[in-house]
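Trainee: I would like to learn how to read a model like this one, beginning with the contacts between charged side chains. Could you take me through it step by step?

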Amino acid sequence: MDYQKVLETIYQTIQQQQPTGTVAAYIPELAKVNPDQFGVHLTTIQQEEYGVGDFQKRFSIQSISKVLSLCLAYQLHGTEIWNRVGVEPSGTPFNSLVQLEYDLGIPRNPFMNGGALVICDILLSTFPDAKNAVLDFIRDLADNPNLNYAPAIVASERSTGNRNQALCHFIKSFNNIHNNPEDVLDLYFHLCSIEMSCEELSRTFLFFANNGCKVTDGKEILNPSRTKRLNALMLTCGFYDESGDFAFKVGLPGKSGVGGGIIAIHPEKYSIAVWSPRLNTKGNSQWGMDFLELFTTRTASSIF
């Protein structure tokens, strides 16, 4: 497969479309991002790499980081985390309070904001310095010591984080948050602020395509069974309440973020990251969704 040619051809096709969607302006720092940036990078488990466009430009990965924090909690605590957060698609917006009322403070899945807050709470109870522990874990996955939190985005998230504050305090009222909500929110806002390029993102997530092992040194991050389960969660819950549509059109596990990034995994083959800041009404990158639909169609590489 000539992946470079495929990427370039689809990239040009997408760029010819009339741009639709808007940046996530409700987070002030994200409102400043040039909406016309567009990058794609693919890494195979043979460590072949292909990129096009702005694939080396860093952006805020936002909710994509929820997969990595979940991975660390799962690695350390195993199946007990599922006592506090579910594994079902939500059918409601990612910041919904309604679902938590019905389910007595148990978030439907770990990629909803409420679920990610519970995972942050678990990590705070695990580490004396959770922010550094999580960052060290992600740097190790990426083989990149230069990854970091973005203070300006943290401040921007906090300034407009009233809904997340409400979620955190509401979950605590059901005794499913054990730490100080302000500390939980601080870790959550830092996680959302991490910046990566498409190139860095596809490398970081490649272990999900390699049965849970890093391809660079063979280190096991998750065993194959747990890797399968997190890939399943990404497929069913990774795109807010558009997850079914993504599975239908693209057919890969993945995760999106309101910074415009999407990571997608083909087990035993590759990971691919796409970034375009214009979001559709569901909060997913419009060009990113379009690109990946064309990519899996032309390469016949859906998992189905």
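Mentor: Let us start with the general idea: a salt bridge is counted where a side-chain nitrogen of Lys or Arg is within 4 Å of a carboxyl oxygen of Asp or Glu. Please keep in mind throughout that this is a predicted model. In this structure there are 16 salt bridges, and one of them joins Arg278 to Asp36, with the closest N and O atoms 2.8 Å apart.

Trainee: Which parts of the chain does the pair of Arg278 and Asp36 link?

Mentor: The pair links distant parts of the chain, since Arg278 sits in the loop between S7 and H13, while Asp36 sits in the loop between helix H2 (28-31) and S1, and the two are 242 residues apart.

Trainee: How should I decide whether Arg278 is buried or exposed?

Mentor: The general idea is a cut-off on relative accessible area: under 20% is buried, over 50% is exposed, and anything in between is partly exposed. Arg278 has a relative accessible area of 18% and is therefore buried, whereas Asp36, at 46%, counts as partly exposed.

Trainee: What does the salt bridge between Asp186 and Lys131 look like?

Mentor: Their closest N and O atoms are 2.8 Å apart. Because Asp186 belongs to helix H9 (residues 181-193) and Lys131 to helix H6 (residues 130-142), this pair ties together parts that are 55 residues apart in sequence. Applying the cut-offs again, Asp186 is buried at 19% relative accessibility, and Lys131 is partly exposed at 28%.

Trainee: Which residues are linked in a network of salt bridges?

Mentor: The network links Asp140, Asp143, Lys214, Asp217 and Lys219. Within it, Lys214 and Asp143 form a salt bridge whose closest N and O atoms are 2.9 Å apart. Lys214 counts as buried at 4% relative accessibility, and Asp143 counts as partly exposed at 43%.

Trainee: Now for the strands: in what order do they lie in the open sheet, and in what sense do they pair?

Mentor: When you read a sheet, follow each strand to its neighbours. Here the open sheet has five strands in the order S2-S1-S7-S6-S5, with antiparallel pairing. S2 and strand S5 (254-256) are the edge strands, each of them pairing on one side only. On average, and ignoring direction, neighbouring strands of this sheet are turned by 5° against each other.

Trainee: Which helix packs on the sheet and touches S1, S2 and S7?

Mentor: That is helix H1 (residues 3-15), whose direction makes about 20° with that of S2. Helix H13 (residues 286-299), in turn, lies across S1, S6 and S7 and runs at about 145° to S7.

Trainee: How many bridges join S1 and S2, and how many residues lie between these strands?

Mentor: Strand S1 (residues 39-44) and strand S2 (residues 49-53) pair in the antiparallel sense over five bridges, and Val52 in S2 is the bridge partner of Val40. The two strands form a hairpin with four residues between them, and Gln47 in the turn has a positive phi of about 65°. You can read another pair in the sheet likewise: strand S6 (residues 261-266) and strand S7 (residues 270-275) are antiparallel and share six bridges, with Tyr270 in S7 as the bridge partner of His266.

Conventions. Residues are numbered from 1 along each chain as its sequence is written. This is a predicted model: local features need pLDDT of at least 70, side-chain atom pairs count only at pLDDT 80 or more; totals for chains, interfaces and linings use all residues. Side-chain values use heavy atoms; hydrogens and water are left out. Two strands pair if DSSP finds at least two bridges between them. Axes are lines fitted to C-alpha atoms, for helices over the stretch in contact, and angles run from 0 to 180 degrees between N-to-C directions. Contact means heavy atoms within 4.5 Å. Buried means under 20% relative accessible area, exposed over 50%, partly exposed in between (1.4 Å probe, protein chains only).
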